[in-house]
Amino acid sequence: MLLMDLVGKELTIEEQELLEHPFVSGLILFTRNFHDREQIQALVKSIRQRVKKPLLITIDQEGGRVQRFREGFTQLPAMQSFQQLIQDPTIQQRYAHEAGWLMAAEMFALDIDLSFAPVLDLGHQSKAIGDRSFGENVEQILPIAESFIDGMQEMGMATTGKHFPGHGHVIADSHLETPIDERSKDAIFSQDIQPFKQLIAKNKLDAIMPAHVIYTQCDTQPASGSSYWLKEILRKQLQFKGVIFSDDLGMKGAGFMGDYVERSQKALAAGCDLLLLCNEPDGVVQVLDHLKYQPTAEQKIIHQKLMKRKHIRWQDLVVTDRWKKAHQQLEVLQNDWLEWKANHA
């Protein structure tokens with residue numbers, strides 16, 4: 001039920017032992033694990049061969065400023081660029097579809113199962129979100145977000161909507177502190193929660209990641225550790241049947257819930273199925289040594305629902321006309337976006 005990370009560009013013996021722990025379901029890769037495409041392919045192959053169980057290998061390869069692998073990969077556009085730079089809704093959606101497809105295809109070609117996407121937060125004012133958001137309002141973002149999702153699902157990658165019920169209206173960065181959202185319950189339910197609600201109703205989300213945000217008019221706990229948000233609203237009211245990830249429990253925004261073991265216990269008790277704990281190797285050891293948890297048979301294999309559904313080789317992908325066209329168009333869009341941002345700073 002735990003996803004950990006790696007310190008460097010090779011798998012150490014200690015990390016291999018941790019990955020073999022029965023509580024560990026997979027891992028997340030970061031830029032520090034990457035040198036070039038050949039190296040990262042060798043690292044993933046080594047992990048698959050040395051750890052003798054199915055592992056969910058994940059990454060944040062959203063596009064824009066959150067893209068862990070860059071050199072040798074398509075420079076994916078920031079999500080805001082689709083609606084900001086393209087006027088025709090049909091073309092917005094086509095570009096978003098191809099971005100979702102290409103991102104998933106490039107990750108599958110590395111034998112990586114899952115990129116945590118898409119961001120469904122509204123607005124661009126949050127320090128943690130910014131141009132990761134598709135737009136300002138539900139009507140604006142839903143067609144583009146759904147097109148991105150359709151592209152991912154066409155390739156066979158599971159989708160993860162984040163950050164439930166919406167991180168976009170808090171300025172504070174949950175990587176650094178616990179943000180507080182004091183808006184009314186009506187505001188959150190009429191606005192922020194709508195992308196999640198509508199995409200769940202269409203069966204477009206395989207997983208959801210809640211926010212490390214306290215919504216004071218609804219509950220005293222961050223959504224990532226709140227049974228109100230995860231059990232009452234997400235499971236019962238919205239009828240979500242997929243997997244619930246915690247956001248990274250190593251983030252400062254999760255500190256409100258206690259030490260790493262307490263954070264993990266609270267997230268599991270609140271309704272999370274899989275926990276992310278990153279950049280804290282000692283914290284991973286503490287959780288594995290001290291967490292009081294007895295997963296059910298279903299919980300032990302729930303991560304396998306999210307593993308990749310297609311196999312593709314890099315050399316076969318990059319010779320296709322579709323990849324070539326999408327690669328060129330998306331890189332042009334990202335370059336145009338960086339220029340637009342520089343001119344509007």
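A: In this predicted model, helices H6 and H7 are oblique to each other, because their axes cross at roughly 45 degrees, and an angle between 35 and 65 degrees counts as neither roughly parallel nor roughly perpendicular. The two axes, of H6 (residues 185-192) and H7 (residues 194-201), come within 5 Å, and the contact is made by Phe 189, Ser 190, Gln 191 and Asp 192 on the H6 side and by Gln 194, Pro 195 and Phe 196 on the H7 side.

Helix H2 packs on a sheet. That open sheet has 5 strands in the order S6-S3-S2-S1-S12, with parallel pairing, and its edge strands, S6 (114-115) and S12 (275-276), each pair on one side only. H2 touches S2 and S3 of this sheet, and its direction makes about 175 degrees with that of S2.

H2 itself spans residues 37-50, and its 14 residues reach 20 Å from the first C-alpha to the last, close to the 20 Å expected at 1.5 Å a residue. At its start, a side-chain oxygen of Asp 36 reaches to within 3.3 Å of the backbone nitrogen of Glu 38. The buried residues of H2 are Arg 37, Gln 39, Ile 40, Leu 43, Val 44, Ser 46 and Ile 47. An α-helix has 3.6 residues a turn, so residues three or four places apart point the same way. The cover over the buried residues of H2 includes strands S2 (24-29) and S3 (56-59), together with helices H1 (13-19) and H12 (314-317).

Terms used. Residues are numbered from 1 along each chain as its sequence is written. This is a predicted model: local features need pLDDT of at least 70, side-chain atom pairs count only at pLDDT 80 or more; totals for chains, interfaces and linings use all residues. Side-chain values use heavy atoms; hydrogens and water are left out. Helices (H or I, at least four residues) and strands (E, at least two) are DSSP runs, numbered from the N terminus. The expected span of a helix is 1.5 Å times one less than its number of residues. Buried means under 20% relative accessible area, exposed over 50%, partly exposed in between (1.4 Å probe, protein chains only). Contact means heavy atoms within 4.5 Å. A polar contact is a pair of N or O atoms within 3.5 Å; within protein, one must be able to donate a hydrogen and the other to accept it, and residues adjacent in sequence count only if both atoms are side-chain atoms. Two strands pair if DSSP finds at least two bridges between them. Axes are lines fitted to C-alpha atoms, for helices over the stretch in contact, and angles run from 0 to 180 degrees between N-to-C directions. Angles under 35 degrees count as roughly parallel, over 145 as roughly antiparallel, 65 to 115 as roughly perpendicular and the rest as oblique.
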